[in-house]
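Here is a short briefing on one protein chain. Look at the fold first, then read the points below.

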Amino acid sequence: MKTLQLSVSITLMVLASLFAFTSCEDDDDRWATEVLEGEWIITDVLPRYGECPYRYGDIIYFFANGRLRAFDHSGDLDEEGYWEVRHGYLYIDFDLDGRDDLVATIRELDYGYLELGVTDYIYESKYSLRIVRD
């Protein structure tokens, strides 16, 4: 009988911790999404390999409805797409085909600074971006 009680107690504790971790992760994604909304300027591009389409001074707008617009430093519209934060990653789809064109690890994020480790499936390259809020 004590073995059964112990097994049930352990199972309940494991389930409770799984729910707690899942809920925290959802909260982190929601917080990151709210912080990302707005205008950001690229301040540093660190290519690791392959071509990087972004340059110093390029501007990215993350809209609350999940849309994204990116402009080069002269203000010309370069690209539009959709963005989403899931499990600490930023996913961007530019050609609206339902496949992610960029997947970026959110390395650092606060209300004024963002650092991304990007895997770019369009250019088949990897690079890091440092971005600040305008």
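A hairpin of three residues links strand β6 to strand β7. This is a predicted model: local features need pLDDT of at least 70, side-chain atom pairs count only at pLDDT 80 or more, and totals for chains, interfaces and linings use all residues. Residues are numbered from 1 along each chain as its sequence is written, and side-chain values use heavy atoms, with hydrogens and water left out.

**Strand pairing**
- β6 covers residues 102-109, and β7 covers residues 113-120.
- The two run antiparallel, joined by seven bridges.
- Within this pair, V103 has T119 of β7 as its bridge partner.
- β6 also pairs with β5 (residues 89-93), again in the antiparallel sense, over four bridges.
- Here Y89 is bridged to T105 of β6.
- Strands count as paired if DSSP finds at least two bridges between them.

**Overall fold**

**Packing and surface**
- The protein chain has 134 residues, and 34% of them count as buried (under 20% relative accessible area, 1.4 Å probe, protein chains only).
- Among contacts (heavy atoms within 4.5 Å) with a separation of 6 or more, 38% join residues 24 or more positions apart.

Methods: Buried means under 20% relative accessible area, exposed over 50%, partly exposed in between (1.4 Å probe, protein chains only).
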